[in-house]
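Here is a short briefing on aromatic rings and their neighbours. Look at the sequence and structure, then read on.

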Amino acid sequence: DRDLNVVLVRGVQRLFSIAAAEYRRKLESHALLDFSDVLSRAVELLRQMDEFARSRYRLESRYHHVLVDEFQDISRMQWELVSLLVQSWGEGSGLVHDAPLSPSVFVVGDRKQSIYRFRDADVAVLDEAATDVQKLRDAEADGDAPPNVCQSIAHSFRAVPNLLAFFNDLFAAIDKMPGRRDAFRFDPQDRFPLVDQGRTRDEPLLGVALSDSVEACAERIAGEIGRLIDVVTVRDR
């Protein structure tokens with residue numbers, strides 16, 4: 001079985017190399033770039049911008065505020081693209097410092113939701129980005145103690161306390177491997193507070209709207225939405 005697997009793996013590798021080479025030839029023949037090419041070429045261009053400092057500052061100064069959502073799914077090269085765009089902010093250079101508001105970088109991510117490693121996402125970049133943003137904040141502090149750039153948001157308004165308690169127990173029980181850069185973590189600040197958001201005791205925790213057809217299901221769901229709007233508080237006070 002082992003010898004057969006070796007032969008099969010070599011065959012798959014050969015087929016993949018042929019397909020990859022043909023794919024690359026097809027792109028080049030049509031003068032096209034795929035998403036990975038666009039990303040790598042943009043990063044390579046920004047890496048060379050030190051040779052044209054004035055142009056680099058003008059380019060970076062087009063972006064005064066940067067927001068990156070779902071940061072746990074970002075790759076190392078994607079973060080390099082963002083950090084190169086805002087590099088001059090920490091150097092005190094560029095037109096951005098003449099703007100009415102100081103430049104800002106805001107990233108949002110949840111390590112527990114990191115599932116895109118197969119396409120080069122690296123959850124360890126989240127901690128590295130926090131360090132980089134802290135350095136930018138330090139550069140603007142002028143000797144004053146800069147505030148902590150990392151804030152944890154553990155409150156959830158999407159689930160009832162019973163479900164949140166289950167997730168707290170589940171995440172706490174998962175084996176931790178602190179030796180890895182991308183190790184799963186569930187620190188005290190990550191725990192969901194078990195707050196009952198005004199639910200009355202006779203309300204069910206979970207409901208299911210079913211019927212015999214798509215149209216009938218839609219009508220039942222619309223009716224349930226109407227009931228909630230009429231008689232139930234569905235938003236935070």
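**Rings and charges**

The charged end of R119 lies over the ring of Y116, 4.6 Å from the ring centre. A charge sits over a ring if NZ of Lys or CZ of Arg is within 6 Å of the ring centre and within 35 degrees of the ring normal. This is a predicted model: local features need pLDDT of at least 70, side-chain atom pairs count only at pLDDT 80 or more, and totals for chains, interfaces and linings use all residues. Residues are numbered from 1 along each chain as its sequence is written, and side-chain values use heavy atoms, with hydrogens and water left out.

**Aromatic pairs**

- The structure has six aromatic pairs. Rings of Phe, Tyr and Trp (its six-membered ring) pair if their centres lie within 6.5 Å; planes under 30 degrees apart are stacked, over 60 edge-to-face, and the rest tilted.
- F167 and F171 make a stacked pair, 5.8 Å centre to centre, with 20 degrees between the planes.
- F171 and F184 make a tilted pair, 6.0 Å centre to centre, with 50 degrees between the planes.
- Ring pairs join F166, F167, F171, F184 and F186 into a cluster.

**Burial**

- F171 counts as buried because its relative accessibility is 14%. Buried means under 20% relative accessible area, exposed over 50%, and partly exposed in between (1.4 Å probe, protein chains only).
- F167, at 28%, counts as partly exposed.
- F184, at 22%, also counts as partly exposed.

- K112 lies over the face of F171, 5.6 Å from the ring centre.
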